[in-house]
Amino acid sequence: MALRYFAVYALLEIAAFVAMAVWLGFGWAVLISIAAGVLGFLTLRWQGRKVFGELRRAANNEVDARAPLADTALVAASTILLVIPGVVSTLAGILLLFPPTRKVLRPVVVAVGAKRMATAMDRAGLYATGVYGSRIRAGGVPGGGTVVDGVVVESDTPGTGFGPGTTPMTTPQLPPTR
């Protein structure tokens, strides 16, 4: 599956470069590719400072941490897209750096993060599936447990409830040895 995505990406990048080369000429296509990369790194430097400043303010409880955390994830994705060579990935990376684009994509990042956190909690045995609406496993219980019907019986016997007239044990005791 990942190989398919890579093949589609490679074809898209090659088609974009060929289209630029045919329309503008090979030299201009190379120049635009280099200029897009430089512009992307300059924008990353500018927006990265702002995002990490907001993250620092969130760490000091000066602002709500949700937006800076989501923006940090988007800047990280943008950085990956800028490092990958190609016009399409560079333009997508530059687009992710602009604040209006990040504002639109924040809910998506938060939803994906919540789902991944719920999955990680499930794998750790903490069972967050009911909270986030993920699937319920076998047995109808989050985590795949089985429900056993039963009745709780309370005893009127004072003490431990092991029999009439027994005294409660205050400390654990071992059975007598013979």
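Is Phe6 buried or exposed? Phe6 counts as exposed, because its relative accessibility is 53% and the cut-off for exposed is over 50%. Keep that kind of reasoning in mind. The model is predicted, and every value below is computed from it.

Start with the overall plan. The protein has six helices and zero strands. Read from the N terminus on, its elements run α-α-α-α-α-α. The protein has 178 residues, and buried residues make up 20% of them. Its accessible surface comes to about 13300 Å². Carbon and sulfur atoms account for 68% of that surface. Now look at contacts between residues at least 6 apart in sequence. Of these, 37% join residues at least 24 apart.

Go back to Phe6 and its partner. A search of the whole structure finds two aromatic pairs. Phe6 and Tyr9 form a tilted one, with 6.4 Å centre to centre and 45° between the planes. Why is the angle quoted as well as the distance? A pair of aromatic rings is described by the distance of the centres and the angle of the planes. Phe6 and Tyr9 are both in helix 1, which covers residues 2–24. They are three residues apart, so about one helical turn separates them. Tyr9 counts as partly exposed, because its relative accessibility is 23%. Then come Phe17 and Phe26. Their ring centres are 5.9 Å apart and their planes meet at 85°, so this pair is edge-to-face. Phe17 is partly exposed at 26% relative accessibility. Phe26 is exposed at 57%.

Next, find helix 3, residues 66–83. How far apart are its end C-alpha atoms? They are 26 Å apart. The 18 residues of helix 3, at 1.5 Å a residue, should span 26 Å, so the two values agree. Several residues of helix 3 are buried, including Pro68, Ala70, Thr72, Leu74, Val75 and Leu82. What covers the buried residues of this helix? The cover includes helix 2 (26–59), helix 4 (87–97) and helix 5.

Ser78 is one of the buried residues in helix 3. Its relative accessible area is 0%, so it counts as buried. A polar atom of the Ser78 side chain lies 2.6 Å from the backbone oxygen of Gly93. Leaving out residues up to four places away in sequence, Ser78 touches Gly93, Ile94, Leu96 and Leu97.

Compare another serine. Ser89 lies in helix 4. Ser89 is buried too, with a relative accessible area of 2%. A polar atom of the Ser89 side chain lies 3.4 Å from the backbone oxygen of Leu81. Again leaving out residues up to four places away, Ser89 touches Tyr9, Glu13, Leu81 and Ile84.

Now turn to charge. Side chains of opposite charge can pair when their charged atoms come close. How many salt bridges does the structure hold? It holds four. Follow Asp71 first. The side chains of Asp71 and Arg102 meet in a salt bridge, at 3.5 Å from N to O. Asp71 lies in helix 3 and Arg102 in helix 5 (residues 99–124), so the pair ties together parts that are 31 residues apart in sequence. Both Asp71 and Arg102 are buried. Asp71 also meets the side chain of Arg106 in a salt bridge, at 3.0 Å from N to O. This pair links distant parts of the chain: Arg106 is in helix 5, Asp71 is in helix 3, and they are 35 residues apart. Why does Asp71 count as buried? Its relative accessibility is 8%, and the cut-off for buried is under 20%. Arg106 counts as partly exposed, because its value is 22%.

Finish with Arg57. The side chains of Arg57 and Glu62 meet in a salt bridge, at 3.4 Å from N to O. Arg57 is partly exposed, with 35% relative accessibility. Glu54 joins Arg57 and Glu62 in a network of salt bridges.

Methods: Residues numbered from 1 in each chain as written. Predicted model: local features only at pLDDT ≥ 70, side-chain atom pairs only at ≥ 80, totals over all residues. Heavy atoms only, no water. Helix = DSSP H or I, 4+ residues; strand = E, 2+ residues; numbered from the N terminus. Buried < 20%, exposed > 50% of the residue type's maximum accessible area, 1.4 Å probe, protein only. Polar contact = N/O pair within 3.5 Å; in protein donor to acceptor, adjacent residues only side chain to side chain. Contact = heavy atoms within 4.5 Å. Areas by Shrake-Rupley, 256 points an atom, 1.4 Å probe, with all protein chains shown as cover. Expected span 1.5 Å × (residues − 1). Phe/Tyr/Trp six-rings, centres within 6.5 Å; stacked < 30°, edge-to-face > 60°.
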